[in-house]
Amino acid sequence: MNILVCVKHVPDTEAAVKIAADGKSIQTQDVNFVLNPYDEYAVEEALRLREARGGEVTLLSAGPEEAKKSLRTGLAMGADKAVHLVCAHRHDTLTLARALAAAAGQIPFDLILCGKQAVDDDEAQLGVMLAEALSLPSVSAIVKLEVLDGKAVARREVESGLEVVETSLPAVFTAQKGLNDPRYPSLKGIMMAKQKKIEEIACAQSDSQVEILDLAYPKSRSGGKIVGQGAAAVPELVRLLHEEAKVL
Amino acid sequence: MPIPDLYRLDELFTEEQRLIQRTVRDFVDEKILPGVRQWNRDAVFPVELIPEMAALGLLGATIQGWGCAGVDYVAYGLIAQELERGDSGFRSFVSVQNGLSMYPLLAFGSEEQKDRWLPPMARGEVVGCFALTEPDFGSDPGGLITQARRTAGGWVLNGVKRWSTNATIADLAVIWAKDEAGVIRGFLVEKGTPGMTAPEITGKLSLRVSVSSEVHLDDCHIPAENALPGAVGLKTALMCLNQARYSIAWGAVGAALACFEEAVEYAQTRIQFDRPIAGFQLVQAKLARMWTEITNARLLVLRLGQMMDQGKAHHAAVSMAKRYNVQTALETARTCRDLLGASGIVDDYHVFRHMANLESVYTYEGTHDIHTLILGQELTGLAAYA
């Protein structure tokens with residue numbers, strides 16, 4: 001079973017993100033980038049499927065030169081191959097999904113796994129758009145995946161419950177936290193990843209259809225307010241929660 | 001808030017080195033830090049983590065072949081640093097398995113010995129230990145009195161060893177003893193060999209997450225093939241110590257960083273006189289000094305690691321790093337304990353455990369003073385040991 005895993009190189013969730021001077025992008029200098037955490041679940045699931053059923057795991061990532069680092073992490077976890085779609089500038093997700101679909105067309109696969117979202121822009125769109133661009137079914141935010149002959153059964157999280165979905169293969173699945181416990185790249189894996197070649201594909205320089213106009217920081221939180229003490233303060237507290245905070 | 005990387009030390013490491021560091025860091029965060037307080041209270045080393053450390057490739061990490069990962073010495077240093085950020089006990093375990101058990105096999109063992117022992121040691125199935133120190137011979141190992149006498153089929157060992165990390169749980173001991181001619185030699189003694197027992201030393205107030213043992217050898221017969229053919233002379237034992245000292249010098253950085261990060265965060269959030277104590281000059285003076293010292297220590301071991309990789313590291317350079325870095329870490333831990341005030345003495349925080357551990361680290365693998373004398377001799381040509 002050949003599995004394609006789409007991964008993204010994103011700022012570390014612990015990094016303090018700052019807006020760049022142009023006001024439309026983030027400062028990448030001094031920010032540590034990592035393999036998107038949700039993509040780690042996707043890679044892990046692919047490795048487990050390969051271990052159970054044979055085949056190859058190929059990683060695919062679009063992005064600048066730096067994106068190779070996350071491909072290297074996935075290779076160190078145990079993926080067999082990696083393809084880097086070299087894109088100098090940022091694309092909107094639909095354009096990106098089409099570019100990835102074109103690249104995926106050159107790689108044999110029985111199923112595709114992605115993280116359910118990237119933790120940088122939090123769009124949670126790519127996996128589904130990729131499926132659409134490839135005319136494949138998709139199941140998003142899965143927490144369990146069982147592959148049978150020519151089909152798969154996935155469990156996905158829905159509001160206050162689980163949904164069990166059966167689909168034909170090939171299909172695209174996006175991984176939610178809980179799908180598995182991703183392995184640490186072992187020292188041997190890291191040393192072997194050094195020997196694995198990352199294939200490069202040039203990105204067709206189509207224009208982005210979405211433009212970021214402005215980035216802003218969330219409002220900084222101010223300190224709490226003490227309304228009063230004891231039962232006498234309750235009516236005022238309720239009033240403020242209702243009228244000011246608008247949570248009641 | 002993470003500590004700013006003012007000297008951009010991260011840029012001095014390769015992509016592989018940083019990935020290896022990240023793997024060990026994640027392992028420490030997820031598998032060691034949640035349990036370490038209880039293990040320290042109970043004075044137990046969690047042997048259940050040995051297979052996990054083996055699966056990551058930490059055991060025999062620098063060895064090429066025999067199922068080992070074959071990473072460079074700088075990467076190995078980062079492994080030691082990250083492990084000791086968790087607890088000195090884990091770094092000690094790996095230092096002993098790698099530098100004091102697998103290294104002597106690699107450097108002084110026969111091909112049969114290497115093929116038999118290195119693969120299961122890399123897999124964590126065989127735990128090694130090293131026994132040189134004796135109750136009456138610590139800083140002066142050349143005086144050791146454990147005897148090795150030739151027999152018809154091999155050797156018989158008699159003597160007492162002390163302060164051997166892991167001996168109680170070890171499957172294979174590297175024992176140093178004097179032959180009839182007074183030459184120090186290294187021997188392999190397998191667990192269960194009649195005449196060898198390894199009781200654990202209890203009552204330790206330091207390195208509680210580590211097994212420290214005595215080794216009693218009472219007419220312990222071993223076959224001829226268990227002598228390490230190349231391990232002849234005190235120098236060969238000291239070569240093993242050099243390996244361990246290297247990882248200690250890196251590990252100390254990890255313990256220092258753990259204390260420092262905890263102290264900075266504490267100082268930023270602890271309010272006295274209506275402001276965080278981090279805003280007071282006396283506190284900032286301590287932080288600035290520690291940060292500089294830790295940066296020094298990190299640069300020192302990085303250069304040492306590069307020299308190890310080039311085969312150019314002089315043993316006195318290893319001594320300098322062990323001496324300086326452990327002292328820096330111990331002083332950092334004490335100062336951080338001070339910054340945490342009364343909170344610094346309870347195990348809700350890590351600082352006291354590190355501080356107590358570092359008292360052992362200051363003493364083992366060549367005391368601070370012995371390394372001072374090694375440097376003194378290198379500098380003047382005059383030995384001042386006796």
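Analyst: Begin with spacing inside one chain. This is a predicted model, and in it the centres of domain 1 of chain A and domain 2 of chain A, taken over C-alpha atoms, are 43 Å apart.

User: Which residues belong to each domain of chain A?

Analyst: Domain 1 covers 2-202 and domain 2 covers 218-248.

User: How many residues does each chain bring to the contact between chain B and chain A?

Analyst: Chain A brings 18 residues and chain B brings 23 residues. A residue is counted when its heavy atoms come within 4.5 Å of the other chain.

User: What area is buried between the two chains?

Analyst: About 1600 Å² is buried between chain B and chain A, and carbon and sulfur atoms give 61% of that area. On the chain B side, E15(B), E16(B) and L19(B) supply 30% of what chain B buries against chain A, more than any other three residues.

User: How many salt bridges link chain B and chain A?

Analyst: There are two salt bridges between them. One of them pairs R8(B) with D30(A), with 2.9 Å between the closest N and O atoms.

User: Which elements of chain B supply the side that touches chain A?

Analyst: α1 (15-32), α3 (50-56) and β2 (68-69) of chain B each supply at least two residues. The largest share, eleven residues, comes from α1(B). Sorted by class, this side of chain B has eight charged, four polar and eleven nonpolar residues.

Methods:
Residues are numbered from 1 along each chain as its sequence is written. Chains are lettered from A and ligands numbered from 1 in the order in which they are written. This is a predicted model: local features need pLDDT of at least 70, side-chain atom pairs count only at pLDDT 80 or more; totals for chains, interfaces and linings use all residues. Side-chain values use heavy atoms; hydrogens and water are left out. Domain bounds come from an automatic or database domain assignment. Buried area is the accessible area (1.4 Å probe) that two parts lose on being put together, summed over both. A salt bridge is a side-chain nitrogen of Lys or Arg within 4 Å of a carboxyl oxygen of Asp or Glu. Helices (H or I, at least four residues) and strands (E, at least two) are DSSP runs, numbered from the N terminus. Ala, Val, Leu, Ile, Met, Phe, Trp, Tyr, Cys and Pro count as nonpolar, Asp, Glu, Lys and Arg as charged, and the others, Gly among them, as polar.
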